[in-house]
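Hi,

Here is the structure I promised to pass on.

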Amino acid sequence: MFYREAGDFKTSYAADTQTFPIKFDRYTYYLALAVAFLVLPFLVSDYLVNAIFVPFLIYAIAAIGLNILTGYCGQVSLGTGGFMAVGAYACYKLMTSFPDVSIVIHIILAGGVTAAVGAAFGLPSLRIKGFYLAVATLAAQFFLVWLFNKVAWFYNYSASGQINAPERTVFSVPVTGANVEPWAQYLICLVFTFLCAVLARNLTRGTLGRTWMAIRDMDIAAEIIGVNPLKAKLTAFAVSSFFIGIAGALFFAVYLGAVEVGEAFGIQKSFIVLFMIIIGGLGSIWGSFAGAALLVVLPVLLKLIGVDLLGWPPDIVQHFQLVIVGALILVFLVLEPHGLAQLWRVAKEKLRLWPFPH
Amino acid sequence: MKMKTLLAMTVTSVMAAAPVMADLVFPSLSYRTGPYAANGIPFADGYADYFTLLNERDGGIGGVATRLLECETGYNTEKGVECYEATKGEGSLVYQPLSTGITYQLIPKATADDIPIHSMGYGRTSAKNGEVFSHVFNYPANYWDGASIAVNHILDEEGGDLSGKTIALVYHNSAYGKEPIRTLEELSAKHGFDFTPIAVDHPGQEQKSQWLQIRRERPDYVLMWGWGVMNQVAIQEAANVRFPLDKFIGVWWSGSEVDVLPAGDAANGYKSLALHGTGSDFPIYADLQQYVVDTGKAAGAGDQLGTVLYNRGLYAAMLAAEAAEKAQEIHGTADITPSMMRDGMEALEITNAILEENGLPGFGPEFSVSCQNHGGDGLGMVQQWDASAQQWNMITDLIESDKDVIDALVTEDSSAFAAENNIEAGCS
Amino acid sequence: MPDQLVFAMEVFLNGLMAGVLYALVALGFVLIFKASGIFNFAQGVMALFAAMTFVGIQKGQVPFAHLINVIFGTKIHHFGWELHSIIAIVLTVGVMIILAWAAQRFIFRHLVGQEPIILFMATIGLAYLLEGVADLMWGSEIKKLDVCITEGVCLPQGINIAIDEVTFGWFGYGFFIDNLDISATIVAIILVVCLILFSQYTKHGRAMRAVADDHQAALSVGVSLNFIWILVWSVAGFVALVAGIMWGAKSGVQFSLSLIALKALPVLMLGGFTSIPGAIIGGLIVGVGEKLFEFAIGPMIGGATENWFAYVLALIVLVFRPQGLFGEKIIERV
């Protein structure tokens, strides 16, 4: 009923390969975009932005980045936290060294710096595979965090090693610093998330994406049919790190405002982003969003139910939260190992035929 | 997308449902879970119990009941932000972020929202300069005071001469741990001792290298800026390498029962700095027993009374309550706003009479806050652990920190912050 | 002898001892990975859970006391008994066996044949779950851990005086070796010998090796995979308990204990995921390497290098030997 394809003719190749080939899907997507860009900025409050929307959007960018590497190219990485730190510190150095240049350019450049660092740490992936690679990327995680903690140049020699985002504006509206309005915070993250998602979607369905997937499915076979593994793996690391770097820069500049590297970009960050893409679905941009939404919203929701509605002590709620998140991951894996994205695809198949399945 | 909007709606409705009450709201960003839970629980209990006591015994502050909003941060900065945003709309009077990371984050936010922060013995040290940090208070003492108090204590022990001595600093390799380094470097130049910083990476479970280094180099004194599991391991390792524990001095966050108990008898003689009195030998404990414990209103498991961090929670709550009273007095209204609370904190004056009135005679130093000085006078004491009696004993009177060195550092750091953030320093 | 050399020798010996402690944690990973191809991220949390359960049983804590008190408004904390360490260890092993059974029955049986990454993910979920359950069950305060065989004969701690004196006689500088490390080494040796004996000379041990070699073949000759996997998880649970006790004796039993898993990962990479001797030698290399690096290079670059050094070392080794030093050669076919 909803997903009717009858009468939905495609007359060109381009139309047939578009992201949302079904009309209903497409309109839902346009509607969602319209709501996100035109309606939500007028509704959001400080709490909604800082507790849900901004972390959700930033984690979505990071999840898209990691999904390119892990989901599309099959290289498991636990260095996400470290690469986010590179983005954050690159952004900080650029912000304080060139205060007159727009923050948007700084954030994109921070992504570029992270891409270079990511590609360098991607080099061992040519030899190391599977879990060995996953653990090897932890070297990046620990080394980068140590570096930013140790070398005072990165934090401009401040007394404690914390970095603070000074106020910067876009179209003379502050987006970082103390006086930022919630809608501005939300919008800048939304714009970056939207652009990253479109870019990622188009990269992954083009030549580059296909070479990544060939490597993921079987790298030796891919090599034999003429895919250059060096190029494919390094581009995957670079592109993935580019997104993660942007996420890190936004995380520092727009979301937290002040960051200490070991705390904000520790190993925990690497794991949480990996959870997002596995729960959301490996190899799916939609899944990155779904996973990020679930893991950002779920703790807040559990807290609201446990503490504010049931009136339980916060520590017990917190312990239960661990239990529930853990159990949820397990239940998901047992029921649907390919994540929310697969669940969504199955639901869509069903809906196409609904209500007359035969 | 749809799911998200639905959730957003639930969240808003829950938020909106919170009634606007004429209470004095004190948020407590506690951490009863995560790696530092053992340190977070007693503080949160003490903070909560003091306000319960005020409500039960005095009917609140100035006749208005207090309400404690506890929010679990797990020592995590992101959750800290969430907690801040969730609680600030309810008229929260003053934040105790209880984490250096969260404090740094809240400094600009709270200043913009006109809500004061009290980071007692932690956070950004240069916030002492109220001309730059209008909404941040860190009385009665800060880390740089702490470093200086420790050195002054060593000076006393050594008869006033430190030339040729070596002092090592074992520190948590984070913003918090690095705080005292600058001060100690200045002090080492002034007093002529050698200073060796030794970093321990988070979490600090394995410190063999660090303690072998101490064993080889045999410094005369070791200071420690540790937190969480690092404290317990360090004290154990110090005992293992037979470093004399009475020459091992921790900061006030490395000196509570949970830090020394795992090492058992080996921890005997370990010293730490103290911001406030120790033990349960204060008149307030009779009231706590009567109004809070016996009525079954104690926070948490109710088994933390009398511990160092519980006392710190009481102390923080007492200072907040005094500031609220001051604010009521200044503005002539019982129902104060966060902005009035800030004025109250800036006019706060703690005297022995006030301490005694609150059932805490001689618990902390006398000090007064002004716009220029948000950090108190930087007084602290030294306590020592007695393993057989399982208690901390105060072994010194109040020790003053070296103002010449610290004030210069505070001015330098705060003016750097002011320049970076375009803040015009000055008192309004 | 020059001082620096003597110091380096002391650091080297301590590195060996630290390496044994790392190897203890890594051993649990290897056992499960060999038998079922699961990279068990929950091993660290299992050590925490085992140590907490041990202390809880020993001190007679009421499980879930805090939760019960909140729900029913009661005030219970302790049963009021103190158990002998050995009884507590036996009971804890029982709990770990139940845990192994539950993990097998409710999780991994449903995931047979899934990709390794999915299984890995499941163990991360298990880690979260177990961490929450452990905290709910025993509370999150720091607990002091005592293991005493009889009154007064406890797990020793502190400097070994005999070694100190002997080395002082030789070099004029007494070496510091911690008694706890010596006991850990002895326990580890006993543990490894027992594991070898068990896997070489008992029926179930041989079945375990058969499963590790080839699931299908083992199944076809009548080995119950289900049973073997429960067995392996139980053994890993026991190894976790030993590791938890050894590490917990140093720092008290607390949340951070679960982070020791991060120390074991580079050991695994170096030694290979599939080799028990690899885990031990990898542990020793990591222990010695990081201590010597911190000793020699650390002061020049600001110290606190131990967190990343092991990983970078392992990374460099892997570039030359992608399967680790002792891992099975990776053969790839199209």
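Let me start with a helix in chain B. H6(B) has 17 residues and spans 26 Å from its first C-alpha to its last, close to the 24 Å expected at 1.5 Å a residue. (The expected span is 1.5 Å times one less than the number of residues; helices are DSSP runs of H or I with at least four residues, strands are runs of E with at least two, and both are numbered from the N terminus.)

Before going further, some housekeeping. This is a predicted model, in which local features need pLDDT of at least 70 and side-chain atom pairs count only at pLDDT 80 or more, while totals for chains, interfaces and linings use all residues. Residues are numbered from 1 along each chain as its sequence is written, and chains are lettered from A and ligands numbered from 1 in the order in which they are written.

Back to H6(B). "Buried" here is 20 or more other C-beta atoms within 10 Å of the residue's own, "exposed" is 12 or fewer, and "partly exposed" is in between, with C-beta atoms placed from the backbone. Among the buried residues are Tyr176(B), Pro180(B), Arg182(B), Leu184(B) and His191(B). The cover over the buried residues of H6(B) includes the helices H4, H5 (143-157) and H14 of chain B, along with the strands E5 (166-172), E6 (194-200) and E7 (221-225). Just after H6(B), Gly192(B) has a positive phi of about 75°.

H6(B) also turns up where chain B touches chain A. In that interface, 38 residues of chain B are in contact with 36 residues of chain A, a contact being two C-beta atoms, placed from the backbone, within 7 Å of each other. On the chain B side, at least two residues each come from H1 (2-17), E2 (66-72), H3 (77-88), H4 (100-113), H6 (175-191) and H14 (403-420). H4(B) gives the largest share, seven residues. By class, this side of chain B has 13 nonpolar, twelve polar and 13 charged residues. (Ala, Val, Leu, Ile, Met, Phe, Trp, Tyr, Cys and Pro count as nonpolar, Asp, Glu, Lys and Arg as charged, and the others, Gly among them, as polar.)

Next, chain A and chain C. Their contact takes 38 residues from chain A and 39 residues from chain C. On the chain A side, the elements that give two or more residues are H6 (130-150), H9 (219-224), H12 and H14 (314-335). Which of them gives the largest share? That is H14(A), with twelve residues. The side of chain A that touches chain C divides into 33 nonpolar, two polar and three charged residues.

H14(A) packs against H5(C) (residues 116-138) at about 155°, with the axes 7 Å apart. Axes are lines fitted to C-alpha atoms, for helices over the stretch in contact, and angles run from 0 to 180 degrees between N-to-C directions. H14(A) and H5(C) are therefore roughly antiparallel (under 35 degrees is roughly parallel, over 145 roughly antiparallel, 65 to 115 roughly perpendicular and the rest oblique). The crossing is left-handed, where left-handed is the near helix turned anticlockwise from the far one by less than a right angle, and right-handed is clockwise. Their contact has 17 nonpolar, four polar and two charged residues. Val323(A) counts as partly exposed, with 17 C-beta neighbours inside 10 Å. Leaving aside neighbours within four places in sequence, Val323(A) is in contact with Leu129(C), Gly132(C) and Val133(C).

H5(C) has another partner, H2(C) (residues 43-59), at an angle of about 15° and with the axes 9 Å apart. That makes H2(C) roughly parallel to H5(C). This crossing is left-handed too. The residues of H2(C) that take part include Val45(C), Phe49(C) and Gly56(C), and those of H5(C) include Leu130(C), Glu131(C) and Trp138(C).

Finally, within chain A, H12(A) (267-280) and H13(A) (285-309) pack at about 120°, with their axes 7 Å apart. H12(A) and H13(A) are therefore oblique to each other, and their crossing is right-handed.

Cheers
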